[in-house]
Amino acid sequence: MTHNGEDTAPLRRPEVTELRLATGGPDQPTGSGPGQPDLPQDRSQAILEATKQIGALLKRAGHRFALAGSVAVYAHGGSRYLQHDADFCVLRDEAEAVAGTLREAGLPIRTPPEDWLLKTTCRGQNIDIIFALAHQPVTEEMLDRAHVLPVDSVLMPVLSPTDLMHSLISAFSEHYCDFGAVLPVARAVREKVDWDELRVACGDQPMPAAFLFLLERLNVIDPQEGQP
């Protein structure tokens with residue numbers, strides 16, 4: 001997921017070679033049992049299973065949250081090709097309470113050097129608990145705008161398409177500017193995004209403005225009103 005320009009694009013992480021099954025305990029390793037044939041491993045399904053478990057835990061505990069990242073794109077109709085992790089947005093003031101709920105469920109909580117997220121592992125998959133997106137704090141208003149959508153059969157709040165795109169393109173900078181990773185996301189959700197709002201929010205920044213111009217040239221979105 002794109003957060004603060006370092007871990008943002010949903011498909012930019014490299015493939016991993018050792019995967020974990022989407023069934024069993026939180027850290028159950030992959031691999032077939034004795035006498036069983038090797039089966040193809042579906043990383044995307046493993047991430048979805050972990051997402052459903054975390055979402056169910058947060059819902060039962062009454063925490064406010066919204067799904068972000070590549071799984072949110074999938075929930076809005078985007079690609080099912082999930083390559084790295086699942087991202088959950090929470091308010092900074094509620095991060096410790098969320099961490100407590102996950103600990104009670106037997107999940108490990110790690111505090112990375114970055115001061116905008118916590119990390120856990122569920123069913124062998126990485127989960128980020130985020131309270132800032134692209135240098136901007138997660139807010140009550142952002143969570144209010146979330147859409148309740150099925151994520152592989154489990155209903156949960158998902159960032160609105162406009163907030164999701166804002167989190168991705170506002171993270172572009174001179175150090176990270178992978179338009180190719182975000183372009184398929186824009187194509188997938190283009191009819192659901194308020195592009196005028198995005199132009200107001202981040203269109204005066206060079207890299208987001210360049211990406212919006214690229215979308216116009218590729219006829220993904222209409223040109224800004226008053227522009228050729």
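Which residues does Pro 161 touch, not counting residues up to four places away in sequence?

1. Pro 161 touches His 76, His 147, Val 189, Lys 192 and Val 193, leaving aside residues up to four places away in sequence, where contact means heavy atoms within 4.5 Å. The C-alpha atoms of Pro 161 and Ala 146 are separated by 8.7 Å, although these residues are 15 residues apart along the chain. Pro 161 counts as buried because its relative accessibility is 3%, buried meaning under 20% relative accessible area with a 1.4 Å probe, protein chains only.

2. This is a predicted model, in which local features need pLDDT of at least 70 and side-chain atom pairs count only at pLDDT 80 or more, while totals for chains, interfaces and linings use all residues. Residues are numbered from 1 along each chain as its sequence is written, and side-chain values use heavy atoms, with hydrogens and water left out.

3. Pro 161 lies in helix α5, helices being DSSP runs of H or I with at least four residues, numbered from the N terminus. The axes of α5 (residues 161-169) and α7 (residues 195-202), which are lines fitted to C-alpha atoms over the stretch in contact, come within 10 Å and cross at roughly 35°, on a scale from 0 to 180 degrees between N-to-C directions.

4. On the α5 side, Thr 162, Met 165, His 166 and Ile 169 meet Trp 195, Glu 197, Leu 198, Ala 201 and Cys 202 in α7.

5. The protein chain averages a pLDDT (the predictor's confidence in each residue, from 0 to 100) of 84, and 81% of the residues score at least 70.

Key:
Helix = DSSP H or I, 4+ residues; strand = E, 2+ residues; numbered from the N terminus. Buried < 20%, exposed > 50% of the residue type's maximum accessible area, 1.4 Å probe, protein only.
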